[in-house]
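Come along, and I will jot down each thing as I look it up.

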Amino acid sequence: MTETPTDASLDALFEGARSARIRARGDRELDPSRGPVLLEVPARDLPALRETLRIVPPTEAFHCMCLGDLAIELRGRMLAKGTVSFHHGVSVRLPSWSSDALLADGPALLRFLAARGVPTPLAAFEADRAAAEEA
């Protein structure tokens, strides 16, 4: 079953979550539970994390061809509730969606990580952006 990307579907994923794990993903990391954990997000920080993932619903379907740079795994009491893949500081994907969705503020998640002691993803994004502007 596929659904149109909405903030409501992200809200539903976050509802009842008790924590999150943000993991790095490589091209070969098909299973998000295998990537290295960059940050454990406690319940008190979940609303701020959710705000970093506000989307602009797509008018046309699109899909990034990669698996994502980061995986945001929402956790319940004991098990994972679901995973959001984060792509290049511009879009996100849920497995149930018919399309990826652009982020309202692409690098917000990267700033969230940097503010919590994980600066490398933001630094890499800014370096890539600077290189693209030079080219």
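I began with contacts, where contact means heavy atoms within 4.5 Å. I took helices (H or I, at least four residues) and strands (E, at least two) as DSSP runs, numbered from the N terminus. My model is predicted, so to speak plainly: local features need pLDDT of at least 70, side-chain atom pairs count only at pLDDT 80 or more, and totals for chains, interfaces and linings use all residues. Residues are numbered from 1 along each chain as its sequence is written, and side-chain values use heavy atoms, with hydrogens and water left out.

**Entry: helix 3**

I asked which residues of helix 3 are buried. For this I used relative accessible area: buried is under 20%, exposed is over 50%, and partly exposed is in between (1.4 Å probe, protein chains only). In helix 3, residues 108-115, I found Ala108, Leu109, Leu110, Phe112 and Leu113 buried. These buried residues pack against strand 1, strand 2, helix 2, strand 4, strand 5 (80-87) and helix 4 (120-134). After helix 3 comes Gly117, with a positive phi near 90 degrees.

**Entry: rings and charges**

I looked for a charge over a ring, meaning NZ of Lys or CZ of Arg within 6 Å of the ring centre and within 35 degrees of the ring normal. Arg116 has its charged end over the ring of Phe112, 3.7 Å from the centre. Arg50 does likewise over the ring of Phe14, at 5.9 Å from the centre.

I also looked for aromatic pairs: rings of Phe, Tyr and Trp (its six-membered ring) with centres within 6.5 Å, called stacked if the planes are under 30 degrees apart, edge-to-face if over 60 and tilted for the rest. My count of aromatic pairs was zero.

**Entry: salt bridges**

How many salt bridges does the whole structure hold? I counted a side-chain nitrogen of Lys or Arg within 4 Å of a carboxyl oxygen of Asp or Glu, and the search gave 12.

One of them joins Arg54 to Asp7, with the closest N and O atoms 3.9 Å apart. Arg54 sits in the loop between helix 2 (46-51) and strand 3 (55-56), while Asp7 is in helix 1 (residues 7-14), so I noted a link between distant parts of the chain, 47 residues apart. Arg54 is partly exposed, at 24% relative accessible area. I also found a salt-bridge network linking Asp7, Asp11, Arg50, Glu51 and Arg54.

Next I noted Arg21 with Glu73, whose closest N and O atoms are 3.9 Å apart. Arg21 belongs to strand 1 (residues 19-24) and Glu73 to strand 4 (residues 70-75), so this pair ties together parts 52 residues apart in sequence. Arg21 counts as partly exposed because its relative accessibility is 23%, whereas Glu73 counts as buried at 8%. Glu73 also bridges to Arg75, with the closest N and O atoms 3.6 Å apart, and both of these residues are buried.

Arg25 lies in the loop between strand 1 and strand 2 (37-42). I put Arg25 down as buried because its relative accessibility is 14%. Its C-alpha atom is 9.5 Å from that of Val37, 12 residues away along the chain.

Leaving aside neighbours within four places in sequence, the contacts of Ser91 include Phe62, Ser85, Phe86 and Asp100.
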